[in-house]
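Colleague: I would like to go through the terms used for this model and hear what each one rests on.

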Amino acid sequence: MEIDVKFFASLRERMGRTSDKVTLDGDAATVSDVWGQVSSEPMPSNILVAVNKEYTDLTQELKSGDEVAFFPPVTGG
Amino acid sequence: MRVVVQEAALDPYKEIKHHEDTVLESGKHGGVVSFVGTMRDFNDGEDVAAMNLDHYPGMTEKHIEQVCQEAMDGWDVMDVLVVHRVGDMYPSDPIVLVAVWSAHRASAFDACRYVINYLKERAPFWKCEVTKAGEKHWVEHNSKDPGVAESREKAV
């Protein structure tokens, strides 16, 4: 399946890119599998995850075309 | 309810007046409570000269709208307006406006506090500050409002 990946703020600078596209094998891929494709390091514990613009976690299962975003804690307002 | 995320400069009091003149029915609300967040020239002991506010287009608006809806469901509120800046800004620039109209002041105060607190907690924005010495750094965390737990219990 094809997954669109986005990075924001300090994580975008750390990853050296704003977005990525990954292809995962199998029917039961999770957000954790996506992180494994975009980085060789464990995901930092403070990083938040969204799938299709809703907060979730590394265990969420994905379907082809999903948009997965990784970003640090939010600081608006 | 109206939620706007914009790069353009924000004049919060013009926004309130414009919303009252164009959206609200005259004479029906008993008051408006507003919170205007402005940029400080200091943070965590450092002098701040400028700031860039990043966001996640689509997700940011969606989560502000969810928080506004929770406030409208939780209190006797007639309307909520949120305008939030993104992009480059400087000390004293308004960053965010939350305005809540209600027939009675208690609901408006509580709902306004709820919206700004949960907007800060959930809407994906990130502040990147530039110090007067020219160093750039991302803000790691927002300050917490001590009343936030209490106000959430009332609304959800």
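**Terms and their grounds**

Modeller: To begin with a pair in chain A, Val5(A) lies opposite Asp20(A) in S2(A). The model is a predicted one.

Colleague: What makes strand S1 of chain A and S2(A) partners?

Modeller: Pairing asks for at least two bridges between two strands. Strand S1 (residues 2-7) of chain A and S2(A) are joined by 5 bridges and run antiparallel, so they count as paired by that cut-off.

Colleague: Why are strand S2 and strand S4 of chain A said to stand at the edges?

Modeller: The order in the open sheet of 5 strands is S2-S1-S5-S3-S4 (chain A), with mixed pairing. Strand S2 (19-23) and strand S4 (54-56) of chain A each have a single partner strand, so one side of each lacks a neighbour in the sheet. Direction ignored, neighbouring strands of this sheet are turned by 30° against each other on average.

Colleague: Which helix packs on the sheet, and which strands of chain A are touched?

Modeller: Helix H2 (residues 31-38) of chain A does, touching S1, S2, strand S3 (48-51), S4 and S5 of chain A. The direction of helix H2 makes about 110° with that of S2(A).

Colleague: How much of chain B counts as buried?

Modeller: The share is 37% of the 156 residues of chain B.

Note on methods:
Residues are numbered from 1 along each chain as its sequence is written. Chains are lettered from A and ligands numbered from 1 in the order in which they are written. This is a predicted model: local features need pLDDT of at least 70, side-chain atom pairs count only at pLDDT 80 or more; totals for chains, interfaces and linings use all residues. A residue is buried if 20 or more other C-beta atoms lie within 10 Å of its own, exposed if 12 or fewer, and partly exposed in between; C-beta atoms are placed from the backbone. Helices (H or I, at least four residues) and strands (E, at least two) are DSSP runs, numbered from the N terminus. Axes are lines fitted to C-alpha atoms, for helices over the stretch in contact, and angles run from 0 to 180 degrees between N-to-C directions. Two residues are in contact if their C-beta atoms, placed from the backbone, lie within 7 Å.
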